[in-house]
Amino acid sequence: MTAKQVPTQSSGSEGDSRLTVDQRKQKRMLSNRESARRSRMRKQKHLDELLAQVTQLKMENAQIADRVSFTSQHFMNLDSENTILRTQVMELTERLRSLNSVLKFVEDFSGVDMDIPEIPDALLEPWQLPCPSQPLMADAFPC
């Protein structure tokens, strides 16, 4: 053999170690790909759950807004009705005073003793009822 000729065959152990390194590298690449795929799937699942939660919360928010609107409308109706009733109480109280005045006049001039009932305090001062209405503030219901 001449010095320029070099044997091209390597020993069996060198080839085996090279093959083992390539196999490990390939196995690690596959493992990394699989791990990345699982990670993407977890992220997608989490995103889907968050989107479902957003949808659910939007529906709940709309239902609450509807209830607030309904309750506010109901309050406005009751408040209007209450105002009407208070006005009627004031008018009826004034009529009662007037009728009592007429009865007192008749009693004084006729000499006949009349049983004139006293006007209850609640009727004389309807603005001081035991349960005064309280206005509903719009900012009491954050949107």
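This is a predicted model: local features need pLDDT of at least 70, side-chain atom pairs count only at pLDDT 80 or more; totals for chains, interfaces and linings use all residues.
User: Where does helix 1 run?
Analyst: Helix 1 covers residues 12-110.

User: How much of the chain is buried?
Analyst: Buried residues make up 3% of the 143 residues.

User: And the accessible surface of the chain, what does that come to?
Analyst: About 13100 Å². Carbon and sulfur atoms hold 59% of that surface.

User: What share of the contacts with a separation of 6 or more joins residues 24 or more positions apart?
Analyst: That share is 59%.

User: Let's go to single residues. Is Glu107 buried or exposed?
Analyst: Glu107 is buried, because its relative accessible area is 13% and the cut-off for buried is under 20%.

User: Which residues does Glu107 touch, leaving out those up to four places away in sequence?
Analyst: Val112, Asp113, Met114 and Ile116. Glu107 itself sits in helix 1.

User: Switching to charges. How many salt bridges does the structure hold?
Analyst: Five. In general, side chains of opposite charge can pair when their charged atoms come close.

User: What is the N to O distance for Glu34 and Arg37?
Analyst: It is 2.4 Å, in a salt bridge between the two side chains.

User: How are Glu34 and Arg37 placed along helix 1?
Analyst: They are three residues apart in helix 1, so about one helical turn separates them.

User: Which residues are linked with Glu34 in a network of salt bridges?
Analyst: Arg37 and Arg38. With Glu34, these residues form the network.

User: Next pair. Which residue does Arg97 bridge to, and how far apart are the closest N and O atoms?
Analyst: Arg97 forms a salt bridge with Glu94, and the closest N and O atoms are 3.5 Å apart.

User: What's the spacing of Arg97 and Glu94 in the helix?
Analyst: Three residues, about one turn of helix 1.

User: And how accessible are Arg97 and Glu94?
Analyst: Arg97 has a relative accessible area of 36%, so it is partly exposed. Glu94 is partly exposed too, at 45%.

User: What about Asp108, which residue is its salt bridge partner?
Analyst: Lys104. The closest N and O atoms lie 4.0 Å apart, and the salt bridge cut-off is within 4 Å.

User: Exposed or buried, Asp108?
Analyst: Exposed, because its relative accessibility is 55% and the cut-off for exposed is over 50%. Lys104, at 42%, counts as partly exposed.

User: Now the nonpolar side. Which residues form a nonpolar patch on the surface?
Analyst: Val102, Phe105, Val106 and Phe109. Together they have about 420 Å² of accessible area.

User: Take Phe105. Where is its place, and is it buried or exposed?
Analyst: Phe105 lies in helix 1. It counts as exposed, at 52% relative accessibility.

Technical notes. Residues are numbered from 1 along each chain as its sequence is written. Side-chain values use heavy atoms; hydrogens and water are left out. Buried means under 20% relative accessible area, exposed over 50%, partly exposed in between (1.4 Å probe, protein chains only). Contact means heavy atoms within 4.5 Å. Accessible areas come from the Shrake-Rupley method with a 1.4 Å probe; for residues, only the protein chains shown count as cover. Helices (H or I, at least four residues) and strands (E, at least two) are DSSP runs, numbered from the N terminus. Patches are made of residues with over 30% relative accessible area and no salt bridge: like charges are joined within 9 Å, nonpolar side chains (Val, Leu, Ile, Met, Phe, Trp, Tyr) within 5 Å.
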